Amino acid sequence: MSRPFTPDGSKNLAGKQIRILREKDGISQEKLVAKLQLKGFRGERGVIKRIENGTQYISDIELKLFADFFHVSYEYLIEGEKTL
């Protein structure tokens with residue numbers, strides 16, 4: 001079964017918002033990975049880079065980890081709504 005892409009060819013909808021939130025918080029990809037690993041994330045800096053660049057798919061479990069970490073809704077990560 002093939003997986004879908006966004007109109008711009010990205011493999012996820014949340015990567016851009018994850019990058020914005022990470023940069024807003026002033027943390028590196030390495031620091032984000034370390035903090036997420038404490039919450040059960042399995043991956044390294046390269047995974048965060050690929051998620052942010054849209055070349056990595058995100059599972060629903062990973063999406064929940066990001067939403068919980070940044071204290072935002074799933075909708076915000078996916079739709080990029082202005083309100084948090």
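Trainee: Which residues of α4 are buried?

Mentor: The model is predicted, so local features need pLDDT of at least 70 and side-chain atom pairs pLDDT 80 or more, while totals for chains, interfaces and linings use all residues. Residues are numbered from 1 along each chain as its sequence is written, and side-chain values use heavy atoms, without hydrogens and water. Buried means under 20% relative accessible area, exposed over 50%, and partly exposed in between, with a 1.4 Å probe and protein chains only; helices (H or I, at least four residues) and strands (E, at least two) are DSSP runs, numbered from the N terminus. By these rules, the buried residues of α4 are E62, L63, L65, F66, A67, F69 and F70.

Trainee: What covers the buried residues of α4?

Mentor: Cover is judged by contact, that is, heavy atoms within 4.5 Å. For the buried residues of α4, the cover includes α1, α2, α3 and α5.

Trainee: How many residues apart are E52 and R19, and which helices hold them?

Mentor: E52 and R19 form a salt bridge, with the closest N and O atoms 3.5 Å apart; the term means a side-chain nitrogen of Lys or Arg within 4 Å of a carboxyl oxygen of Asp or Glu. E52 is buried at 3% relative accessible area, whereas R19 is partly exposed at 27%. The pair links distant parts of the chain, E52 in helix α3 and R19 in helix α1, and the separation is 33 residues.

Trainee: Which parts does the salt bridge of R45 and E30 tie together?

Mentor: The side chains of R45 and E30 meet at 3.0 Å, N to O. R45 is partly exposed at 35% relative accessibility, and E30 is partly exposed at 45%. R45 lies in helix α3 and E30 in helix α2, so the pair ties together parts 15 residues apart in sequence.

Trainee: Where do K64 and D68 lie?

Mentor: K64 forms a salt bridge with D68, the closest N and O atoms being 2.8 Å apart. An α-helix has 3.6 residues a turn, so residues three or four places apart point the same way. K64 and D68 are four residues apart, about one turn, and both lie in helix α4.

Trainee: What radius of gyration does the protein chain have?

Mentor: The secondary structure comes to five helices and zero strands. The radius of gyration is taken over C-alpha atoms, and the globule rule is 2.2 Å times the number of residues to the power 0.38. With 84 residues, a compact globule would have a value near 12 Å, and the protein chain agrees, at 12 Å.
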